[in-house]
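Here are some exercises to work through with the model open beside you. Try each task before you read its solution.

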Amino acid sequence: MASQVSEGREQAVAVEVLDNSIGQPACKKGGWSTVPFIIGSALASTVAIYGVTTDLMQFLDHRFSIKSIKASQITNIINSLMNLTPVAGALLCDSYLGCFLTISIFTFISFLNLRCLPNGNSPHMQGTLMITLVSVVPSLAPPSCDHALGSCQPPSMAQFVLLCLAFAVVTLGAAGTSFTFVTVGANQFDKGKDQEVFVNWFFFTTTLAMLVAFTAVVYVLDNVGWGWGYGACAVLNAISFALFVLGKWRYRDERPRGSPLASLARVVVSAARKVNLELSKNEEVYYRGLGAQAQPLVPTSSFRFINKAALVTKGDTDSNGSIAKPWRLCTIEEVEDLKTLLKVLPLWSTGIFLTTATGIQTNLNILQSLTMDRGLNGHFKIPAASFQVFVFISMALFLPIIDRFFYPVCRTLTRQSPTILHRIGAGHIVNAVGLAAMAYVESRRLKMVHSHGLQSRPDLIVPMSALWLVPPLALIGAGSAFYIPGQVSLYYQEFPASLKNTGTSMMSLTMGIGFYFSTLVVDVLQKVTGWLNDDINKGRLDHVFWMLAVLGGLNFLYYIACAKLYKLQSTR
């Protein structure tokens, strides 16, 4: 599939560059030799970014005395921003900077905003690290207190604003890296199979990076100190920047083609201005552009009203055939690019619920684990925020299983290869089953609460192992292994060439919107039902999980309808 998408790329990225000084061919750009630099840089960057936000709920609770449900909502908003800003970074990359400059600039920004080397009880600042200042300077947060007594002072308006500003700066560093790494890596290959293998390995590596963030970094933050934890993230940012820059001479870095959004807007405006014109089957009346013989002779029949943007009328072109009125005439290629986006959008929208459910489930799992027995062999207690590591372990295990086992078995049983749409659909199913399993575990936890009379004792631990959370988290991780790489591959392969970075960042946009929706859902449930309570022993989190499981099933039916209506480029 992707091989057909990649046809027509600029031939300059596939040829050898000659070294004029010695007359011998230099190394061919692109290919697997670039992967260690890209994957290594992405790994270090991912640990740094997730290391800053992974223990955020406990940070807000213990350092800023923000109640659990409110802390959950703030966490979801910050996670949403962390996923929305990469879309802006991708548009900047597609329009003006290109992949190399975008990643280099924003990795360096992230490094500057994370630099801190703790020295005793006072941080020695070597840059701008607002988040570390907030975490270590006493006057920038409420005074310490005993949270069990419930008499903690909330943050002042100035302290809260500074906290929000600190995390806003952190999100800026993530804007140009998160999914741009995927695009720059996939751009190094011509064959669709190689692109899909790279995407799988990319998510395998970044999943391991998140595993490190949710274990090692969380341990440092909880047991050593906030300053040391963020200092480690600063070092990783520096490594990420250095690794990526070292591979510069090996990369294919396609030139940006100008703002793709402006091109799409021109199609809409041009079609609207010619709304009264009649469409024609005569290929001569549609504008193909200069030197565009390889383009389709006539626009496709879908969304026919948009075809009017390519209708040539008097005064639309100059004497040399170029466009005289860019907001009245577009090429057939630009028209088809907009159609591609419109066709993909319904499929893209089905992923919003998955992220909404993830945002709710992740924070509620932290609250659950805080009330359960997290001890192992009586010597080690698993940090509450680290339970999400089981999602990443499961995802890391299932990524190679899907590639080496799931696909071959499907080919053997059905005599045809499963498509990306099949992979995404499987992820929907497994995710819904995981949510149902989480509802069952919470029902069992609540039974233990009532049988031991702990409804009004949030300070006591429920005699139930927190390891009960592992099986449902593993199912959710397996579902993620199916649908996250599947969606990224779908967008990369189906989006127009001018929107490759924007295409891969669509998954990030899905996550950003989903986290905002998770905040909205939590707010509505808190106001309308009695399911969510700051003391979860008095709430009904099991009802929340059952609701999400049922909605996940309905969302899967919606996905099936969208998938049946969509035709992949490889089958068109």
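This is a predicted model: local features need pLDDT of at least 70, side-chain atom pairs count only at pLDDT 80 or more; totals for chains, interfaces and linings use all residues.

Residues are numbered from 1 along each chain as its sequence is written, and side-chain values use heavy atoms, with hydrogens and water left out.

**Exercise 1.** Classify the aromatic pair of Phe-387 and Phe-390.

*Solution.* 
1. Rings of Phe, Tyr and Trp (its six-membered ring) pair if their centres lie within 6.5 Å; planes under 30 degrees apart are stacked, over 60 edge-to-face, and the rest tilted.
2. A search of the whole structure gives 13 aromatic pairs.
3. For Phe-387 and Phe-390, the centres are 5.9 Å apart and the planes make 50°, so the pair is tilted.

**Exercise 2.** Is Ser-508 buried or exposed?

*Solution.* 
1. Buried means under 20% relative accessible area, exposed over 50%, and partly exposed in between (1.4 Å probe, protein chains only).
2. Ser-508 has a relative accessible area of 0%, so Ser-508 is buried.
3. Ser-80 is 428 residues away from Ser-508 in sequence, yet their C-alpha atoms are 8.9 Å apart in space.

**Exercise 3.** Which rings form a cluster with Trp-32?

*Solution.* 
1. Follow the ring pairs from Trp-32: they link Trp-32 with Phe-189, Phe-198, Phe-202 and Phe-203.

**Exercise 4.** Where does Lys-248 lie relative to Trp-249?

*Solution.* 
1. A charge sits over a ring if NZ of Lys or CZ of Arg is within 6 Å of the ring centre and within 35 degrees of the ring normal.
2. Lys-248 lies over the face of Trp-249, 5.2 Å from the ring centre.
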